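I opened the file to look up a few things about its chains. My notes follow in the order in which I checked them.

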Amino acid sequence: MGNYSWLLPVQASSFAARIDLGLWIIHAAMILIFVLWTIFFAYLLVAYRQRDGHKAERIHIDHWKSLAPDAAVLFFELSVVALYVIPTWSSLKMSLPDEKDSIVVNIVAEQFNWNVHYPGPDGKFGKRSAALIDFSNPLGIDPTDPAGADDFVTVNDMHFPVGKPVLARLSSKDVIHSFFIPAFRIKQDAVPGMVVPLWFEPTLEGDYEVTCAQLCGVGHAIMRADVKVQSRTDYDRWFASMAPVKKAGPSGATEEW
Amino acid sequence: MSEHGHELSFTEKYIFSVDHKVIGLQYMITSFIFLLIGFTMILIMRWQLAFPGTVIPIFGKLLPATFAPGGILGPTGYNQMGAMHGTIMVFLGIVPLAVGAFGNYVMPIQIGAPDMAFPRMNMLSYWVYLPGGILMLSSFLMPGGAAQSGWTSYPPLSVINPGQTVWLLSMVFLITSSLLGSMNFIVTVLNLRAPGMTLWRMPLFCWSQFVTAFILLLAFPPLEAAAILQLSDRVLHTSFFMPDGLVVAGQAAQYAGGGAVLLYQHLFWFLAHPEVYVLILPPFGIISEIIATNTRKPLFGYKEMVYAMMSIAAMSFLVWAHHMFLSGMSPALSNFFLITTMIISVPSVALLTCLILSLKGASIRFTTPMLFALSFLPMFGIGGLTGLPLGLTVTDIYLHDTYYVIGHFHYVVVTGSLMGLFGGVYHWFPKMFGRKMDDCLGKIHFWGSVIAMNGILMPMLVIGLQGQSRRLFDPTAQLHNLIGQPMHVLSTISAIALMLFQIPFIYNFFNSMFRGELVDSNPWKATTLDWDCPSPPPHGNFAKVPRVYRGPYEYSHPDHNEDWLPQSREHAEAAR
């Protein structure tokens, strides 16, 4: 529970602080606008209430002056957009870290699990095919592909080393899911038929939670996974200990369910 | 009016009526019943959210075992109610109340028309809406239950989940009804205005209906197309929205594949974002009328508000993909929708500013409808402001699909639209029945509702900031949600309170219909034409066609002896 508070969760990724900065600036502005506005509103209600001896009068208010709040709001919004939103969005979503310097994984969502496909020591992913999917081979990794021989898949349990970018290729087997780690401030829909790249860099060792943010069926609420951010040595030890995924029978032989 | 001559049978008068006022009342009663049904569903869901896995009081025993085994709501039941709550509230509750009820009843009498341009089409629009609504509710009785993929119904989930077929068929009914209504509204405004009623003399309520009708007319057809394509995917196993290589529960899905999952979302939000403005513009028109009447002075910036509504309507077709920043759509495209979203906030700010400035110099009567109208301003303000971090792509990464979104749009639609519509009921009730609603009960209803609504919605913003995903059947199944659980309890208790505070309203509505204080045709001393005809207006509305001499809000005119100068009065009379 230590990672979660009454407000935002702990900042456990490299860009969490940047996103929080935006959240705080905007909320401060929202509260300021609302308070000033409510004071003015309350003043009008009291000053111009109906009472004996008070008559409504047609006060002339300059139309151009009345546009000042609109202009102020537009100016504020466009400044936030130009100075904060577009630069941050570009660095988060429109550029990806180099594959050589990153932990590269495939994250494949399904009802109601998060499968993580690690490439194994050779750093190469085996080919996958939907026709090969069965219980022991949930992602349909091709057993005839040598690159896939040392690949392994974890279910609802992901491990990443601290301080190294993770480049994930996100996809889904069945319906739309959404990959959300509140402590990392990262969210991205996993869409069947599409592979969407996303990246994040864990900066704080600890245990975090992945949740599904998009309604995906009966088990939406229990669709979660653990994320363990470990030191480099702990991560390497875990990585080495993972057995390659067991292969199902001959290629293409899917069993009856 | 050909029917003028002969006596109408009961069926012609009250059931298959072509009179816009009867149709308006039919819409009003029906949509309030749907609102109550949708609200009951959310109460059951809220119980599960606050006290997961416990027996639901009262309703637990009534629900079938497939829904709530042992009186405890199950996840399938939760998802069905979730999808139906959203659908009912939007398509069967607020829109028919705002457009079907108030638009039908008030707009023709405000422009001095004897009826809508196409009375029979008007009747048809109601009689397509009602079966659509009944069909929607009956889907609970289908094998597998009702739709359970959210009111947004994203494929592939909606295509493989049970219940969706009836939802789609029902949507086709509802869309047809809205399209018939919107064409009728546009033609009525353009053709049936009384002599002298130029467009720039129309009350803001009529403008809001006129603008809304265009939004409905242009936004619904894409959804109708999307619904039919999805229906075809479900029933005929086409693959409009079904991609290659789909594996559901370990088995390859029986679809050819090659479809585009995101296409549906584009089609859906191309309707559903303009739809938000359909929900908000008519209540906005209503509160403008109420504020003008109860401040006893002309509204500030009448033309500015009309232009603002028009620009909102036009811009609303250019912002839809801000619901899709994280959908897998190109991140470069997001920048375009980010900018348009910021721009559309400006006319909304202008509308609020104009109404606030209208209070300056006023003599404010705090009548019951005025309380509802005034509360709209700060509450819609919260709704608008909380939209800001959702409309900005970067902060939306964190807040998208959390409870923050739910808090945001309920602030807009519940404390905004719904409160405005309640205000409208209190405001036009004397016109509809010739009697006034009780003031004391009205004030209990108002204060109870506004406090309870904030008690429901403010906690949602808090747990949204904590990162809690929406549509979770049991939030406590995930570790990071545990800390926010007391907020769910507060929200649920407030929701029960909100239900209790509707009892004075329901009692007041039906009691005042028969026993309320009798009033003359213009109890609020208002200027627009709707207060010129008898209460309730007879078939054909006006004994003789009214003539309009001035703009809609001539209150406290310096040349006139009373503080209101009706639109139909030829000359101002100087004070003696």
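Before anything else I noted that domain bounds come from an automatic or database domain assignment. I was working on a predicted model, where local features need pLDDT of at least 70, side-chain atom pairs count only at pLDDT 80 or more, and totals for chains, interfaces and linings use all residues. Residues are numbered from 1 along each chain as its sequence is written, and chains are lettered from A and ligands numbered from 1 in the order in which they are written.

Entry 1, domains of chain B. I found domain 1 at 17–240 and domain 2 at 273–529 in the assignment for chain B. Their C-alpha centres lie 18 Å apart. I then looked up contacts (C-beta atoms, placed from the backbone, within 7 Å). In chain B, 42 residues of domain 1 touch 42 residues of domain 2.

Which helices of chain B supply at least two residues each to the side of domain 1 that touches domain 2? I listed helix 2 (20–50), helix 4 (75–110) and helix 8 (204–235) of chain B. Helices here are DSSP runs of H or I with at least four residues, strands are runs of E with at least two, and both are numbered from the N terminus. Helix 4 of chain B gives the largest share of that side, 15 residues. I sorted the residues of this side of domain 1 of chain B into 32 nonpolar, nine polar and one charged. Ala, Val, Leu, Ile, Met, Phe, Trp, Tyr, Cys and Pro count as nonpolar, Asp, Glu, Lys and Arg as charged, and the others, Gly among them, as polar.

I counted 16 helices and four strands in chain B. The C-alpha atoms of chain B fill a box of roughly 85 × 50 × 50 Å along the principal axes. Buried residues (20 or more other C-beta atoms within 10 Å of their own, C-beta atoms placed from the backbone) make up 61% of the 576 in chain B. Among chain B contacts between residues at least 6 apart in sequence, 79% join residues at least 24 apart.

I traced an open sheet of five strands in chain A, order 4-10-9-6-7, with mixed pairing. Two strands pair if DSSP finds at least two bridges between them. The edges are strand 4 (157–161) and strand 7 (186–190) of chain A, each pairing on one side only. Strand 9 (206–212) and strand 10 (224–230) of chain A pair antiparallel over six bridges. There I found A:Val210 opposite A:Ala225 of strand 10.

Notes. Two residues are in contact if their C-beta atoms, placed from the backbone, lie within 7 Å. A residue is buried if 20 or more other C-beta atoms lie within 10 Å of its own, exposed if 12 or fewer, and partly exposed in between; C-beta atoms are placed from the backbone.
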